[in-house]
Amino acid sequence: MITVNPDGKIMVRRCLVTLRPFRLFVLGIGFFTLCFLMTSLGGQFSARRLGDSPFTIRTEVMGGPESRGVLRKMSDLLELMVKRMDALARLENVSELHRAGGDLHFPADRMPPGAGLMERIQAIAQNVSDIAVKVDQILRHSLLLHSKVSEGRRDQCEAPSDPKFPDCSGKVEWMRARWTSDPCYAFFGVDGTECSFLIYLSEVEWFCPPLPWRNQTAAQRAPKPLPKVQAVFRSNLSHLLDLMGSGKESLIFMKKRTKRLTAQWALAAQRLAQKLGATRRDQKQILVHIGFLTEESGDVFSPRVLKGGPLGEMVQWADILAALYVLGHGLRVTVSLKELQSNLGVPPGRGSCPLTMPLPLICRIRVIDTFGTEPAYNHEEYATLHGYRTNWGYWNLNPKQFMTMFPHTPDNSFMGFVSEELNETEKQLIKGGKASNMAVVYGKEASIWKGKEKFLGILNKYMEIHGTVYYESQRPPEVPAFVKNHGLLPQPEFQQLLRKAKLFIGFGFPYEGPAPLEAIANGCIFLQSRFSPPHSSLNHEFFRGKPTSREVFSQHPYAENFIGKPHVWTVDYNNSEEFEAAIKAIMRTQVDPYLPYEYTCEGMLERIHAYIQHQDFCVAPGPALPGAHTSQSPFVLAPNATHLEWAQNASLAPAAWPPAHSLRAWLATPGRACTDTCLDHGLICEPSFFPFLNSQDAFLKLQVPCDSTESEMNHLYPAFAQPGQECYLQKDPLLFSCAGSNTKYRRLCPCRDFRKGQVALCQGCL
């Protein structure tokens with residue numbers, strides 16, 4: 001049985017997964033292949049057998065007396081209307097008599113006002129009364145018939161004494177006392193009789209044995225598998241705009257963005273279709289729930305869209321929807337808990353009853369997670385024992401099921417978003433229209449500008465400073481007088497401002513948003529602050545409680561590490577001389593608009609296509625865990641004896657993705673994480689390759705002497721410890737982690753190559 005308690009914890013037999021609010025995840029539900037959700041799930045969800053509900057007729061009978069009462073109320077209301085109309089008519093007649101000077105005769109074509117309407121109301125009232133009588137007769141007959149059937153089966157509706165169902169009698173007792181505590185029991189046909197209790201407890205839940213006189217065919221009927229349909233690229237997004245809904249400022253923003261990028265999505269689809277050729281792509285049925293925008297979660301985004309609030313999440317959500325739709329998959333979008341529950345098959349009531357359709361598989365979940373979740377925080381038992389437990393962690397998922405905004409955490413999958421791509425003509429126009437001394441500040445909220453007067457004063461010596469800070473007419477923002485503030489701008493106007501500017505400057509917050517990429521794509525140089533010491537959950541309130549130990553060395557690490565100079569300059573803002581020297585150098589530097597391929601529409605389509613096509617967390621892991629021995633090692637020592645490579649004559653693991661031949665294994669220096677070790681060699685850490693290396697043979701091939709070998713739960717393993725010459729293997733596959741380091745260990749790191757401009761995919765991954 002699987003239940004979700006009101007505090008948001010999903011119990012899967014003995015496995016606990018906690019779903020906290022404000023996360024977007026993807027899961028398979030019923031006929032849905034994937035389902036994008038972002039919400040706090042409340043109520044109790046529990047498993048249920050497949051089959052049609054046997055209670056349809058009884059549910060209708062239960063609603064009969066209520067319907068009869070409604071008809072009687074309608075009849076009473078109509079009678080009241082007739083009386084009032086009659087009184088009004090008499091009053092009208094008296095008035096007419098006075099005006100006619102005592103004439104008591106009406107012409108045939110001049111009936112008293114309201115007379116015809118009154119006759120109609122009287123006729124309707126009579127019809128309603130007749131219907132009420134007939135409904136009453138039908139109900140009495142149905143109840144009499146039901147009473148006779150119940151009387152005939154009374155001996156068959158006693159709680160059986162069956163050792164295989166020890167809880168049956170106790171559950172029947174509970175139902176007698178509490179069946180009215182939740183309307184969901186009536187939804188499933190419980191009406192207070194012993195038979196209805198036993199039918200529910202044997203066919204909806206599993207506490208009692210099936211009743212021998214019940215037809216079991218329907219309950220045992222397995223659902224027919226959906227026929228496979230080939231996905232076809234789409235270029236018209238009008239239906240997607242309808243699916244996204246309306247009524248919220250956040251949705252309006254997302255729809256405007258999607259509509260503005262329609263032509264670029266269509267062109268990207270054409271390019272990817274040519275690249276994939278005849279590759280078959282099965283259509284997936286995807287439920288998308290954006291719980292961050294539900295009223296139940298507080299919907300903190302919509303009220304702030306027009307007040308300078310964060311838009312990065314909505315940019316990503318809009319682009320995810322567009323990419324999935326353009327790829328040809330079936331979508332259903334919900335932004336309320338009621339809609340979500342309806343799609344999950346949650347019966348009406350307080351959540352005490354099971355779902356009405358098959359439950360999701362944990363392996364189908366994909367969590368949209370801006371800052372990433374490291375394996376040490378994801379593993380519930382390990383996080384609890386070793387101090388990594390946070391409100392956002394311990395979901396016990398495969399870490400690759402978490403999907404990030406930037407590729408900063410290789411333990412997770414990189415989802416991303418898109419920036420508008422310029423054609424060559426637009427790029428040339430931008431280059432010709434640039435102002436050499438114009439700077440735009442990154443920050444729409446006035447709080448970001450506080451304490452930055454020193455930087456602004458230096459910048460103002462060389463450049464004209466522009467801002468887009470939200471303000472209300474009666475309360476102008478507190479920014480220096482020399483700043484030209486445009487107020488909050490619509491996205492197209494903000495793009496035009498960037499196309500004129502030379503510099504886009506950040507003040508350290510917000511972290512890792514889309515705006516710097518948009519500025520660089522529009523020909524700006526991005527200047528940002530270097531953090532010393534780096535910001536992390538250990539020393540900065542913003543990251544505190546987030547399920548990652550990642551150290552952030554600048555406002556936008558992706559821009560610093562994956563783009564860099566001349567487009568991105570990272571300097572110490574606390575050093576006035578260094579800051580001023582950077583401003584002077586930037587004014588002398590000429591750059592072209594630049595957008596990394598992975599942030600184009602085509603790049604995002606390519607990446608999500610690969611994930612949907614190849615990522616499958618429902619299959620059993622290929623390589624065995626410690627203790628298993630293979631006949632022949634698939635590794636060979638590289639010619640320069642620095643790392644391991646996949647042997648050319650070795651057979652490939654059939655289910656491995658990325659393909660195993662892209663693996664390169666390095667032994668890290670003490671205190672170095674695998675993420676950094678792979679980057680040092682121009683590669684990306686690939687956690688799905690850890691199982692291949694989790695053996696003593698890998699250490700032997702690297703000529704590492706293991707005096708002893710042990711298997712333990714530790715997110716730094718496999719690793720080699722000095723002194724002691726001890727080799728440690730990983731005991732739990734959920735703890736394989738690219739992140740993490742300790743000066744005691746030299747970690748064994750799986751690395752891979754990557755496609756140019758697409759770090760999420762290896763060269764042979766598409």
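Student: Is the crossing of α4 and α6 right-handed or left-handed?

Tutor: The crossing of α4 and α6 is right-handed. Bear in mind that this is a predicted model.

Student: At what angle do the axes of α4 and α6 cross?

Tutor: At roughly 125°, with the axes coming within 10 Å. Helix α4 covers residues 168–178 and helix α6 covers residues 194–204. The two helices are therefore oblique to each other.

Student: Which residues in α4 and α6 meet?

Tutor: From α4 there are C168, K171, V172, M175 and R176, and from α6 there are E194, F197, L198, Y200 and L201. By class, the residues of this contact divide into seven nonpolar, no polar and three charged.

Student: How many residues of α6 are buried?

Tutor: 10 of its 11 residues are buried, so α6 is mostly covered. The buried residues include F197, L198, Y200 and L201, along with E203 and V204.

Student: What do the buried residues of α6 pack against?

Tutor: They pack against α4 and α5, the latter being residues 183–187.

Student: Changing topic. How many salt bridges are there?

Tutor: The count comes to 21 salt bridges.

Student: What does R257 form a salt bridge with?

Tutor: With D319, and the closest N and O atoms are 2.9 Å apart. R257 lies in helix α9 (residues 249–260) and D319 in helix α11 (residues 312–326), so the pair ties together parts that are 62 residues apart in sequence.

Student: And R257, buried or exposed?

Tutor: R257 counts as buried, at 2% relative accessibility. D319 also has 2% relative accessibility and counts as buried.

Student: Which residues are linked with E606 in a network of salt bridges?

Tutor: The network links R271, K275, E602, E606 and R755.

Student: How far apart are the closest N and O atoms of K275 and E606?

Tutor: They are 2.9 Å apart, in a salt bridge. K275 lies in helix α10 (residues 262–276) and E606 in helix α21 (residues 601–614), so this pair ties together parts that are 331 residues apart in sequence.

Student: What about R755 and E606, how far apart are their closest N and O atoms?

Tutor: 3.7 Å, and that pair is a salt bridge too. R755 lies in the segment after β25 (745–752) and E606 in helix α21, so the pair ties together parts that are 149 residues apart in sequence.

Student: What does E606 count as, buried or exposed?

Tutor: E606 counts as buried, at 1% relative accessibility. K275 has 38% relative accessibility and counts as partly exposed.

Student: Back to helix packing. Which residues in α11 and α21 meet?

Tutor: In α11 they are D319, I320, A323, L324 and V326, and in α21 they are M604, L605, I608 and I612. This contact has eight nonpolar, no polar and one charged residues.

Student: What is the geometry of α11 and α21?

Tutor: Their axes come within 10 Å and cross at roughly 70°. The helices are therefore roughly perpendicular to each other. The crossing is right-handed.

Student: How do α16 and α20 pack, at what angle?

Tutor: At about 35°, with their axes 10 Å apart. Helix α16 covers residues 453–460 and helix α20 covers residues 576–588. The crossing of this pair is right-handed.

Student: Which residues of α16 and α20 meet?

Tutor: K454, F455, I458 and L459 in α16 meet S576, F579, E580 and I583 in α20. The classes here are five nonpolar, one polar and two charged residues.

Student: Where is E380 found?

Tutor: In helix α14, which covers residues 380–386. E380 counts as buried, at 18% relative accessibility. Its C-alpha atom is separated by 4.1 Å from that of Y394, 14 residues apart along the chain.

Student: Now the whole chain. How many helices and strands are there?

Tutor: The secondary structure comes to 24 helices and 25 strands. Of the 766 residues, 49% count as buried.

Student: And among contacts between residues at least 6 apart in sequence, what share join residues at least 24 apart?

Tutor: The share is 71%.

Terms used:
Residues are numbered from 1 along each chain as its sequence is written. This is a predicted model: local features need pLDDT of at least 70, side-chain atom pairs count only at pLDDT 80 or more; totals for chains, interfaces and linings use all residues. Side-chain values use heavy atoms; hydrogens and water are left out. A salt bridge is a side-chain nitrogen of Lys or Arg within 4 Å of a carboxyl oxygen of Asp or Glu. Helices (H or I, at least four residues) and strands (E, at least two) are DSSP runs, numbered from the N terminus. Buried means under 20% relative accessible area, exposed over 50%, partly exposed in between (1.4 Å probe, protein chains only). Axes are lines fitted to C-alpha atoms, for helices over the stretch in contact, and angles run from 0 to 180 degrees between N-to-C directions. Angles under 35 degrees count as roughly parallel, over 145 as roughly antiparallel, 65 to 115 as roughly perpendicular and the rest as oblique. A crossing is left-handed if the near helix is turned anticlockwise from the far one by less than a right angle, and right-handed if clockwise. Contact means heavy atoms within 4.5 Å. Ala, Val, Leu, Ile, Met, Phe, Trp, Tyr, Cys and Pro count as nonpolar, Asp, Glu, Lys and Arg as charged, and the others, Gly among them, as polar.
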